[in-house]
Amino acid sequence: MKKQVHYAILRDMQKYIEGFNANDYESSCESTDPSVIKYVRDYYDKHLPVDAFAWMRVNEPDKNLIYVGGFYNQFRFVIDTLGDLLTSTFKELLDNLPLVISTHYSKSIKLPVFQINLEKYGIEMVLRCNFYDWKISIKSDKPLDFDYMGLFNPTENISSVYCEGFPEDRVYGCYEQNHSQFTIEIGSDYDLYTFIFLLKNYLENKKED
């Protein structure tokens, strides 16, 4: 008997699961068989990266957990708010969805470590939030000599211990030491949005020079 799968999850499975056979499943506009959710979730755990939407569809937390609202707010902020800031069209947004490259836990909730690739600027950004603050690692082809308005401490070297879920090779030194490759801490969504707004404005102006 074929197992029922929501069409969006089925589409993700076709994209990300090697050797996938769609004939074993029945597409649905409603729910997905719980055994399929578990199978896909376990597969993704071992085969990251996948795009943020695909990861979220099979990793939604228990609705009774206190911080479950923060889980969804985090995705809306990264995909919608930062996505709108960094792209100019809906197609560009869909073509450049954040990736989930790793995971970590906070408040008993499994959370993503995102990667945003800004290829047109030569920048790779890795970021995560544990409901308290954001850790962000930036690797750029060129030095980023911009006015960040005091939104982070440029001399702070952040240990990988405090960058839960980050691959070891994505935790860098401080901004003061290297303006092309650095890891920083930012305390709120608002400040992170402001930081990326300032960075994008700087990059756009540099492109015009």
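This is a predicted model: local features need pLDDT of at least 70, side-chain atom pairs count only at pLDDT 80 or more; totals for chains, interfaces and linings use all residues.
The structure contains 19 aromatic pairs. In one of them, the ring centres of phenylalanine 146 and tyrosine 202 are 5.7 Å apart and the planes meet at 35 degrees, so this pair is tilted. Phenylalanine 146 belongs to the loop between β7 (134–140) and β8 (181–186), whereas tyrosine 202 belongs to helix α6 (residues 189–208); the pair therefore ties together parts that are 56 residues apart in sequence. Phenylalanine 146 and tyrosine 202 are both buried.

Another pair is formed by phenylalanine 152 and phenylalanine 182, with ring centres 6.4 Å apart. Because the planes of these two rings lie at 15 degrees, under the 30 degrees that limits stacking, the pair is stacked. Phenylalanine 152 is in the loop between β7 and β8 and phenylalanine 182 is in strand β8, so parts 30 residues apart in sequence are tied together by the pair. Phenylalanine 152 counts as buried, at 5% relative accessibility, and phenylalanine 182 is buried with a relative accessible area of 0%. Ring pairs also join residues into a cluster, which consists of Phe146, Tyr148, Phe152, Tyr175, Phe182, Phe195 and Tyr202.

Turning to the backbone, most residues other than glycine have a negative phi, and most peptide bonds are trans. The peptide bond between leucine 48 and proline 49 is cis, with omega at about 15 degrees. Proline 49 is located in the loop between α2 (34–46) and β3 (50–51).

Positive phi values occur at lysine 107 and at phenylalanine 131, neither of which is glycine. For lysine 107, phi is near 55 degrees. This lysine 107 sits in the loop between β4 (99–106) and β5 (109–118), and lysine 107 is partly exposed, with a relative accessible area of 36%. For phenylalanine 131, phi is near 80 degrees, and the residue is placed in the loop between β6 (123–129) and β7. Phenylalanine 131 has 19% relative accessibility; buried means under 20%, so phenylalanine 131 counts as buried.

Isoleucine 66 lies in the loop between α3 (52–57) and α4 (68–86). With a relative accessible area of 78%, over the 50% that marks an exposed residue, isoleucine 66 is exposed.

Terms used. Residues are numbered from 1 along each chain as its sequence is written. Side-chain values use heavy atoms; hydrogens and water are left out. Helices (H or I, at least four residues) and strands (E, at least two) are DSSP runs, numbered from the N terminus. Buried means under 20% relative accessible area, exposed over 50%, partly exposed in between (1.4 Å probe, protein chains only). Rings of Phe, Tyr and Trp (its six-membered ring) pair if their centres lie within 6.5 Å; planes under 30 degrees apart count as stacked, over 60 as edge-to-face and the rest as tilted.
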